[in-house]
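Have the structure open beside you as you read.

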Amino acid sequence: MISEVTQYFEALDLREVSAERQAILQPLAHYISTKIQAQQPINLTFICTHNSRRSHLGQVWAQVAAAYFGIKNVSSFSGGTEATACNYRTIAAFERAGLKINKLSEKENPVYEIRFDELTAPIVAFSKVYDQAPNPSSGFAAIMTCDQAEANCPFIPGAEKRLPIMYIDPKVADDTPDEVATYDARCRQIATEMKWALGQVNVTNITV
């Protein structure tokens, strides 16, 4: 793993995850454990309205956490109820956390490569609808990261589990003096909570 990402991830304080948030996150850990027991691939699709901020943060940090804890066969994805663009402020927050970014296109919906490990294929990030390729069409957990997507999509076709893990949109601070601090705080919160959730999956104690 890239040293800056390792340092960032290891510095995350799990004491910041309240008992209330732990109860919300525990079903994600249970889902992953169940898939390991069944010797099945683990597909996690993080969903918000525009696939611009929170869903990308969830996707990337879940993948980082899986790699950090040595949980195999985890593939994380993200999507929205509509496609817009992966917001450049989200990308900037990733960069400040130590992730390496390569922008592949300058179009209205840019494509980015996000790398947390030099030996692992990068995460390809762009805004898409949750059922659009390369996202899985079946056999995945739908992780709802915003209340609007949760309310507007009571049924996610192909999802075998629906997990509401919602976050306040950092968009509230766009173009204000608090913008950078707000994006960094949300990035850190989601990273910390993915660290907590995937850290509950003790691979060595699961019978396969």
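1. Phe69 lies in helix α3 (helices are DSSP runs of H or I with at least four residues, strands are runs of E with at least two, and both are numbered from the N terminus). Together with Met1 and Tyr68, Phe69 forms a nonpolar patch on the surface, with about 230 Å² of accessible area in total. A patch here joins residues with over 30% relative accessible area and no salt bridge, nonpolar side chains (Val, Leu, Ile, Met, Phe, Trp, Tyr) within 5 Å and like charges within 9 Å; areas come from the Shrake-Rupley method with a 1.4 Å probe, and for residues only the protein chains shown count as cover. Phe69 is partly exposed, at 31% relative accessible area (buried is under 20%, exposed over 50%, partly exposed in between, with a 1.4 Å probe and protein chains only).

2. Before going on, please keep in mind that this is a predicted model, in which local features need pLDDT of at least 70 and side-chain atom pairs count only at pLDDT 80 or more, while totals for chains, interfaces and linings use all residues. Residues are numbered from 1 along each chain as its sequence is written, and side-chain values use heavy atoms, with hydrogens and water left out.

3. Now to the salt bridges. The structure holds 11 of them, each being a side-chain nitrogen of Lys or Arg within 4 Å of a carboxyl oxygen of Asp or Glu. One of them pairs Asp13 with Arg15 at 3.0 Å, N to O. Asp13 is partly exposed at 25%, and Arg15 is exposed at 74%.

4. Lys35 and Glu160 form another salt bridge, with their closest N and O atoms 2.6 Å apart. This pair links distant parts of the chain, since Lys35 sits in helix α2 and Glu160 in strand β7 (residues 159-164), 125 residues apart. Lys35 is buried, with 7% relative accessible area, whereas Glu160 is partly exposed at 43%.

5. Asp174 and Arg53 also meet through their side chains, at 2.9 Å from N to O. Asp174 is buried at 15%, and Arg53 is buried at 8%. Both belong to a network of salt bridges that links Arg53, Arg89, Asp174, Asp175 and Glu179.

6. Some backbone details deserve a look. Most residues other than glycine have a negative phi, and most peptide bonds are trans. Gln39, in the loop between α2 (19-37) and β1 (42-48), has a positive phi of about 55° and is exposed, at 61% relative accessibility. Asn51, in the loop between β1 and α3, also has a positive phi, near 45°, but Asn51 is buried at 0%. The peptide bond from Ala133 to Pro134 is cis, with omega near 10°; Pro134 is in the loop between β5 and β6 (140-144).

7. Which residues lie nearest the centre of the largest pocket? They are Gln59, Gln63, Ser75, Ser76 and Ile123, among 17 lining residues. Elements giving two or more residues to this lining are α3 (54-69), β2 (74-80) and β5 (123-125), and β2 gives the most, with 5.

Key
1 Å grid on protein atoms, 1.4 Å probe; cavity = no way out; pocket = protein on both sides within 12 Å on 5 of 7 lines; lining within 4 Å.
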